[in-house]
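Let's take a friendly walk through this model together. Have the sequence and the 3D view open as you read.

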Amino acid sequence: MRIIIEENYEDMSRTAASIVKDYVSNHPACVLGCATGTTPIGMYQGLVEAHREGKLDFSETRFFNLDEYCGLDPSNDQSYTYFMKEHLFDHINVRPEHIHLPDGMAGDIEAACRRYDAEIERSGGIDLQVVGIGINGHIGFNEPGDCFYPDTHKIALHESTIRANARFFSSIEDVPTEAITMGIRPILQSKMLLFLANGESKIDAVYGALRGPISPRLPASILQLHPNVVAVIDRSAAKRL
Ligand code: PGA
């Protein structure tokens, strides 16, 4: 695992964007695994800027997101579909058929999960996967629990996740309580994994992920088994490393 500690959020974002830029420039038809949340926003801005400057072409790149809330229409400004459009897809030359997110509005969620895994498999798997980390150590919405789930699945969000995400909604009651998340398998099978974390609230989660025992109690700790991780972390989140 390569660990890069940056001074602040801006530097973390710049470095992360340049890693993704290099990857996409060298492999234009790659499959990018995308994360949402506040962590990768600066990185996406960097990618949008590179595209605007004519330095980055996404016409062949395919995108798979880690997760989506259940019960939020894609037009809802808190859905992850909306987030991805707002921060990346609406500003780059991605082909609509190359955008994939789990279908949180599906009548049959189980079937939607199986469809998502099949789409990932048909694409040949994820090449570069970007992940953030929750304060409870989740990756995507793989929440702490008794076991790791390999496949895409529906998950009841933990109280701490609902509380952490309440800042985006008008009240905590509006935060969805369930989501669909990619499982651990495609994340671990990605060719390269870009792990991002910033801010003091992530200190313990980052320490557990990179240095702690590998345990489903802190799902991000499984990344220690990935053969090609680049972790870009700002100084405040890296304090215990
Ligand atoms: P954040 O969320 O980037 O908004 O901190 C990360 C996560 O929950 O995975």
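How far is an oxygen atom of the ligand from an N or O atom in the side chain of Arg167? The answer is 3.0 Å, a polar contact in the sense of a pair of N or O atoms within 3.5 Å. Before going on, please note that this is a predicted model, where local features need pLDDT of at least 70 and side-chain atom pairs count only at pLDDT 80 or more, while totals for chains, interfaces and linings use all residues. Residues are numbered from 1 along each chain as its sequence is written, and side-chain values use heavy atoms, with hydrogens and water left out.

Back at the ligand, Thr39 places a polar side-chain atom 2.4 Å from a ligand oxygen. Thr38 contributes through its backbone, with a polar atom 2.9 Å from an oxygen of the ligand. On its own the ligand would expose 280 Å², and the protein buries 84% of that (accessible areas by the Shrake-Rupley method with a 1.4 Å probe). The residues surrounding the ligand, each with a heavy atom within 4 Å of it, are Gly37, Thr38, Thr39, Ile133, Gly134, His138, Arg167 and Lys202.

Now for the sheets. Strands of a sheet pair through backbone hydrogen bonds, either parallel or antiparallel. Here strands are DSSP runs of E, at least two residues long, numbered from the N terminus, and two of them pair if DSSP finds at least two bridges between them.

Five bridges link strand 1 with strand 10 (residues 229-234) in the parallel sense, and Glu6 sits opposite Asp234 in strand 10.

The other open sheet has three strands, ordered 4-8-7 with antiparallel pairing. Its edges are strand 4 (67-69) and strand 7 (153-156), each with a single partner strand. Strand 4 joins strand 8 (residues 178-181) through three bridges, and Glu68 stands opposite Ile180.

Methods
Helix = DSSP H or I, 4+ residues; strand = E, 2+ residues; numbered from the N terminus. Polar contact = N/O pair within 3.5 Å; in protein donor to acceptor, adjacent residues only side chain to side chain.
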